[in-house]
Amino acid sequence: MSKEIQNVKIYACGGAGTSIVRELRNQVDCKEIVNGFSGYQVTYVNTSESDFRDLSLFEKQLKEWGDTAYFYKGIDGSGKNQTENLEVISESPRTIVKAHPPLDLNLVVFSGIGGSGSVIGPALINHLLSEGKPVIGICISGMESGDAVRNSASTYMMLQDIATANKKPVVLAQFFNENRTIKEVNAAIMVFIIEMTSLMSVSNTGIDSKDLANWLNYTLLNPALEPGLASIVNYRINSNTEDGKISDVLDDVISVMSLVTKGEDAVLTPRPSSQNIGLFETPSKFKYELHSAILLNHAADRFDELAAAHEEDLERASEQAARSKRLTAPAKPKGRPLAGIGGISVLGNKGTAKRR
């Protein structure tokens, strides 16, 4: 018999991932949600300790929470340049995972916008998939600048390539910066993580580790589908969420993990290709009935938006280049020397020479 789900591991990558998960620990790691939720462990992965202005406090919190951290030595960020530390980051996941082992479900939290987390996150996902570990990426993408669009689109392409190389789906929880503040996006991610710890609790019945593996690796039960980049969205049963209702997207649903108080509460029409149902006893403010759905084209639709925005940026950059003005030195006057710095010249000397 497959063992029950025991714990959730969170890899908080880069500045954004670190900030979100530290806030989660500060706000939500409290007694009121312990019952009915899975425990979780955190490993913070960052390119520099400079993201922590309160490093001594952070080290104290690590001990209190039982969390760990991995810092890249000799690197101080990537300046939104994904190639800046690509080689060092790409070689690191084996070391990270060996020192900070994965658990039954692994959440990799990162931003696709910056230069570090957008490389660390996919690199860890790639390694965990290659090791056969259940993993969900939690990624922020944005269109607030050309850098954000380019890096976000590049991150999606990396994740698609990882799915192709590993011949396994990459499942991504997507969070968008548009029309929301940073605090609102961070809060939405924290809710998603709480929902995952609710779904994976040992107090639930009917969900085991094999169910988890088949839910995420949906091609095992749907061999007609090619492994690719898919999206995961949580829908509360009998209520609207930010993403609407699952009934609105059933045509795009591949695989569903449902958590309900009664089995009939999980029935969907039309029926999805694959569904696992877990039962729990008592709903609460934090624990409620939900469908956790993997959507086939949701991530691809987002990539199309990013790709279109990137094309617009390239066209705008070309137009700007055509309008750009170049500085040129003035024509050299006859019989008078030029002296100066760069393209700016000083003509002649002040005053006149004295005659003897």
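This is a predicted model: local features need pLDDT of at least 70, side-chain atom pairs count only at pLDDT 80 or more; totals for chains, interfaces and linings use all residues.
Strand β2 is mostly covered, with 6 of its 8 residues buried.

The count of aromatic pairs in the model comes to 3. In one of them, the ring centres of Tyr-44 and Phe-58 are 5.1 Å apart and the ring planes stand at 80°, so the arrangement is edge-to-face. Because Tyr-44 belongs to strand β2 (residues 39–46) and Phe-58 to helix α2 (residues 55–65), this pair ties together parts that are 14 residues apart in sequence. Tyr-44 and Phe-58 are both buried. Another edge-to-face pair is formed by Phe-175 and Phe-192, with 6.1 Å from centre to centre and 75° between the planes.

Arg-302 lies over the face of Phe-176, at 4.0 Å from the ring centre. Lys-287 takes up a position over the face of Phe-280, with 5.1 Å to the ring centre.

Arg-302 is one of the buried residues of helix α9, together with Ala-299, Leu-306 and Ala-309. Helix α9 (residues 298–323) comprises 26 residues and spans 38 Å from its first C-alpha to its last, close to the 38 Å expected at 1.5 Å a residue. An α-helix has 3.6 residues a turn, so residues three or four places apart point the same way. The buried residues of α9 pack against strand β5 (135–141), helix α6 (146–166), β6 and β7 (229–236).

Two further residues were examined individually. His-127 is located in helix α5 (residues 117–130). With a relative accessible area of 9%, His-127 falls under the 20% limit and is therefore buried. Beyond residues up to four places away in sequence, His-127 touches Pro-93, Arg-94 and Val-97.

Gln-275 is found in strand β9 (residues 274–279). Its relative accessible area is 28%, so Gln-275 is classed as partly exposed, a class that lies between 20% and 50%. When neighbours within four places in sequence are set aside, Gln-275 is in contact with Val-256, Ser-258, Ala-266, Leu-268 and His-291. Two of these contacts involve polar atoms of the Gln-275 side chain: a polar contact with the side chain of Ser-258 at 2.9 Å, and an approach to the backbone oxygen of Ala-266, also at 2.9 Å. The C-alpha atoms of Gln-275 and Ser-255 are separated by 5.7 Å, although these residues are 20 residues apart along the chain.

Definitions and conventions. Residues are numbered from 1 along each chain as its sequence is written. Side-chain values use heavy atoms; hydrogens and water are left out. Helices (H or I, at least four residues) and strands (E, at least two) are DSSP runs, numbered from the N terminus. Buried means under 20% relative accessible area, exposed over 50%, partly exposed in between (1.4 Å probe, protein chains only). Contact means heavy atoms within 4.5 Å. A polar contact is a pair of N or O atoms within 3.5 Å; within protein, one must be able to donate a hydrogen and the other to accept it, and residues adjacent in sequence count only if both atoms are side-chain atoms. Rings of Phe, Tyr and Trp (its six-membered ring) pair if their centres lie within 6.5 Å; planes under 30 degrees apart count as stacked, over 60 as edge-to-face and the rest as tilted. A charge sits over a ring if NZ of Lys or CZ of Arg is within 6 Å of the ring centre and within 35 degrees of the ring normal. The expected span of a helix is 1.5 Å times one less than its number of residues.
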